[in-house]
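Morning, everyone. Please look at the screen, and I'll walk you through a few places in this protein.

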Amino acid sequence: MTDKSEKKHFHHGKSSKDILDAEFVLNSIGLKKGDIFLDAGSGDGYMSLAASKIVGEKGKVYAVEIWEESINILEKEIKEQKIGNIESIIADISAKIPIDNAIIDICYMGNVLHGFVENEDYDNVMKEISRIIKLEGTFAVIEFKKIKNIPGPPFPVKMTPEEVEKIISDYGFEVKEVIEAGKYHYGVISVKK
Ligand SMILES: C[S@@+](CC[C@H](N)C(=O)[O-])C[C@H]1O[C@@H](n2cnc3c(N)ncnc32)[C@H](O)[C@@H]1O
């Protein structure tokens, strides 16, 4: 019997903290002071912590993650550093993202989309992402380059920028550019139309 759970890609993966330069990535995707930023599938929230510095006190960062353990790591940092502009939320982004419609300037999804695609259950998550991003807002998908023998998911699970584009374009996103995000990563930067 091959039910869906058997073929599920186990996607509460490792933090990419050591192989992605958060500040470089956030600047490359155009994050700026005052923005409302969503880190979808934030893991331990290292990208959210870097984003919080850029958006400043007039901006806001939402870190949404399904694993309580990861959110606890971020919460500890928020307390220790007395950060006031990050809201961490434990939620399943493929069910309901507890954020109002069309309020996000930039949604960052780092090393997360391939898991949903592998499990063939990206429709809900894409609908939710599309719902919460403002018109003309940015959706930045960062993924591992589809190269053998580098970190990241198994080679067949890794996606090309064209595969990412094919999926997100069905949900109202128009690709603006594909960027070099790091040694092992690229980013597909798109705009909500
Ligand atoms: C490979 S990790 C990447 C974490 C982080 N974005 C990074 O780059 O370090 C994938 C993350 O997506 C989270 N995730 C997977 N499915 C999710 C879901 N349905 N809702 C919320 N988070 C989810 C996992 O728990 C995990 O933290």
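Let's begin with one lysine. Lys17 has a relative accessibility of 44%, so Lys17 counts as partly exposed. Keep in mind that this is a predicted model.

Who is the partner of Lys17 in a salt bridge? The partner is Asp44, and the closest N and O atoms of the two are 3.2 Å apart. Now find both on the chain. Asp44 sits in the loop between β1 and α2, while Lys17 sits in the segment before α1, so the pair ties together parts that are 27 residues apart in sequence. Is Asp44 buried or exposed? Asp44 is buried, at a relative accessible area of 13%. The cut-off for buried is under 20%.

Side chains of opposite charge can pair when their charged atoms come close. How many salt bridges does the model have by our rule? The count is 9. I'll show you two others.

Take Asp35 and Lys32. Their side chains meet in a salt bridge, N to O, at 3.0 Å. Asp35 has a relative accessibility of 4%, so Asp35 counts as buried.

Next, Glu80 and Lys76. Here the salt bridge has an N to O distance of 3.4 Å. Where do these two sit? Both are in helix α3, 4 residues apart, which means about one helical turn separates them. An α-helix has 3.6 residues a turn, so residues three or four places apart point the same way. Lys76 counts as exposed, because its relative accessibility is 54%.

On to helix α2. This helix covers residues 46–55.

Now the ligand. Which residues come nearest to it? Of the 21 residues around the ligand, the nearest are Ser16, Gly41, Glu65, Trp67 and Asp92. That shell divides into 7 nonpolar, 11 polar and 3 charged residues.

Let's look at some distances. Glu65 uses its side chain: an N or O atom there is 2.5 Å from an oxygen atom of the ligand. Ile66 uses its backbone: an N or O atom there lies 3.3 Å from a nitrogen atom of the ligand. Gly110 also uses its backbone, with an N or O atom 2.9 Å from a ligand nitrogen. How much of the ligand is covered? Taken alone, the ligand exposes 590 Å², and the protein buries 94% of that.

Last stop: the later part of the chain. Start at Ser190, in strand β7, residues 185–192. Ser190 counts as buried, because its relative accessibility is 0%. Leaving out residues up to four places away in sequence, Ser190 touches several others, including Thr138, Phe139, Ile168 and Phe173.

Follow that contact to Thr138. Thr138 belongs to strand β5, residues 133–144. Thr138 is buried as well, with a relative accessible area of 10%. With the nearby stretch of sequence again left out, up to four places away, Thr138 touches Ile29, Asp105 and Ile189, among others.

Now move to Ser169. You'll find Ser169 in the loop between α6 (161–168) and β6 (173–180). Ser169 is partly exposed, at 38% relative accessible area. Its side chain reaches the backbone oxygen of Lys166 at 3.2 Å. Ser169 and Lys192 are 23 residues apart in sequence, but 9.4 Å apart in space, C-alpha to C-alpha.

Finally, Pro161, which lies in helix α6. Beyond four places away in sequence, Pro161 touches Val178, Tyr186 and Val188. Pro161 and Lys145 are 16 residues apart in sequence and 8.4 Å apart in space, C-alpha to C-alpha.

How values were computed:
Residues numbered from 1 in each chain as written. Predicted model: local features only at pLDDT ≥ 70, side-chain atom pairs only at ≥ 80, totals over all residues. Heavy atoms only, no water. Buried < 20%, exposed > 50% of the residue type's maximum accessible area, 1.4 Å probe, protein only. Helix = DSSP H or I, 4+ residues; strand = E, 2+ residues; numbered from the N terminus. Near = heavy atom within 4 Å. Polar contact = N/O pair within 3.5 Å; in protein donor to acceptor, adjacent residues only side chain to side chain. Areas by Shrake-Rupley, 256 points an atom, 1.4 Å probe, with all protein chains shown as cover. Nonpolar A, V, L, I, M, F, W, Y, C, P; charged D, E, K, R; others polar. Salt bridge = Lys/Arg side-chain N within 4 Å of Asp/Glu carboxyl O. Contact = heavy atoms within 4.5 Å.
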